[in-house]
Amino acid sequence: MDLLVYGIGELATPVGREPKGGAGQGELTLVRDAYVLVQDGRIAEVGEGRWPRFAGPTLDAEGRTVTPGLVDPHTHAVFAGNRVQEFLARAKGERYTGGGILTTVQAVREAPEGELVRLARPRLMRVLELGTTTVEIKSGYGLTLEAELKLLRAIRRLGEELPLTVVPTFLGAHAFPPEIPREEYIRRVVEEMIPTVAGDGLARFCDVFCDQGFYTVVEARTILRAARAAGLGVKVHADELSGVGAAELAAELAATSAEHLLHVSEEGIASLARSGTIAVLLPATAFLLDEPYPPARKLIGAGVPVALGTDFNPGSSPVASLPLILSLAVLRMGMSPAEALVAATLNAAAAIGLANEVGSLEPGKQADLVVWDAASYEEIPYWIGQNLGQAVVARGRVVWRSSPTPSST
């Protein structure tokens, strides 16, 4: 867990332990001819010019760009089956309504816990190769106490087995199971699922899909208040399919994040700005569903810190690549490359409660970084759909490396 990364042509990183909003959204520190010294898995020094003597393992970046490891603050990466037929139906013009969630629920209920882990492991290793070192994973494909606990245990196992930092989120209020009445299911979420999940330490956050056809603002408020009372942080799947006032609810509850926001209202934006809630934007979902992109420029202009995520899931966003998300943010949401990089590092870390640990390259933080085959961080969104990653370091270890360069000794 000791390492010296040297020969860095450009080191690009935000600085700090708080999310950046407004003009700060695009603030990066650039260091030329840089090095990073790692001790005990944490960054000990970031410098430029001649690097210190070091007897341990080294990684030569060979003049390439280095950034913090990317942080994905919104995924549903543990699931069984696929929804290819739904994808093909959308290609023919059918509108997404969220009904396909129940298809995945059935597959997850039938899969043993070990099978969920086996299926997710290679997905998450591909995520790592694409430069993501920290990932939030939601449950929500079980919709029974037993199945939700199975999902959360699988998520915990993956975090223990893989060289990724994994943050689990309970999303029992994702859809409604068809076998019981709506009111009874909400009661079970509040009185059975949340206390068990919190008591077993299986999740850090609770999320609710507050949208047309899913949970109302009143229902979501009831669930999230119960989650907060149980010691869980709160998040909101907000205004994805229609503007229902979910962003305003997230602000009212001072939620850590409001996520999606494709149809957020002007009042919703103003409310988020007042509350300090982070806007987690998921442009791949808009791209795949042919919906309007979330209004990144309005949010940034209002001072709302913006984070970016993939929404990686088998239905509305089978996309695992955060570099692709950076491309969509720049091309379709008007964000600058600097704003997008901050959104996928420090702000994304803040959206999952880890800004003290990850999201920037500065002394004391966990040593997560990526060596990109690029002369500047601006090339990451420019080379659309290409993996520029040459080496990934997580917790001070080189956990993935492209052949034949860069070299490590």
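In this predicted model, domain 1 and domain 2 bury about 2600 Å² between them, and 69% of that area lies on carbon and sulfur atoms. On the domain 1 side, Pro 19, Gln 25 and Pro 381 supply 23% of the area buried against domain 2, more than any other three residues.

Let me place these two domains in the chain. The domain assignment gives domain 1 as 3–68 + 360–401, and domain 2 as 70–352. Their contact takes 33 residues from domain 1 and 33 residues from domain 2. Taken over C-alpha atoms, the centres of the two domains are separated by 28 Å.

What does the rule find across this interface in the way of salt bridges? It finds 0 salt bridges between domain 1 and domain 2. Polar contact, by contrast, is present: 10 residue pairs across the interface are found, both residues at pLDDT 80 or more.

I turn now to the side of domain 1 that touches domain 2. The elements giving two or more residues to that side are β5 (65–68), β14 (369–372), α14 (379–382), β15 (389–394) and β16 (397–401). The largest share, 3 residues, comes from β15. By residue class, this side of domain 1 divides into 17 nonpolar, 9 polar and 7 charged.

Is Glu 86 buried or exposed? Glu 86 counts as buried because its relative accessible area is 18%, and the cut-off for buried is under 20%. Leaving aside residues up to four places away in sequence, Glu 86 touches Tyr 96, Gly 100, Gly 315 and Ser 316.

Methods
Residues are numbered from 1 along each chain as its sequence is written. This is a predicted model: local features need pLDDT of at least 70, side-chain atom pairs count only at pLDDT 80 or more; totals for chains, interfaces and linings use all residues. Side-chain values use heavy atoms; hydrogens and water are left out. Buried means under 20% relative accessible area, exposed over 50%, partly exposed in between (1.4 Å probe, protein chains only). Contact means heavy atoms within 4.5 Å. Domain bounds come from an automatic or database domain assignment. Buried area is the accessible area (1.4 Å probe) that two parts lose on being put together, summed over both. A salt bridge is a side-chain nitrogen of Lys or Arg within 4 Å of a carboxyl oxygen of Asp or Glu. A polar contact is a pair of N or O atoms within 3.5 Å; within protein, one must be able to donate a hydrogen and the other to accept it, and residues adjacent in sequence count only if both atoms are side-chain atoms. Helices (H or I, at least four residues) and strands (E, at least two) are DSSP runs, numbered from the N terminus. Ala, Val, Leu, Ile, Met, Phe, Trp, Tyr, Cys and Pro count as nonpolar, Asp, Glu, Lys and Arg as charged, and the others, Gly among them, as polar.
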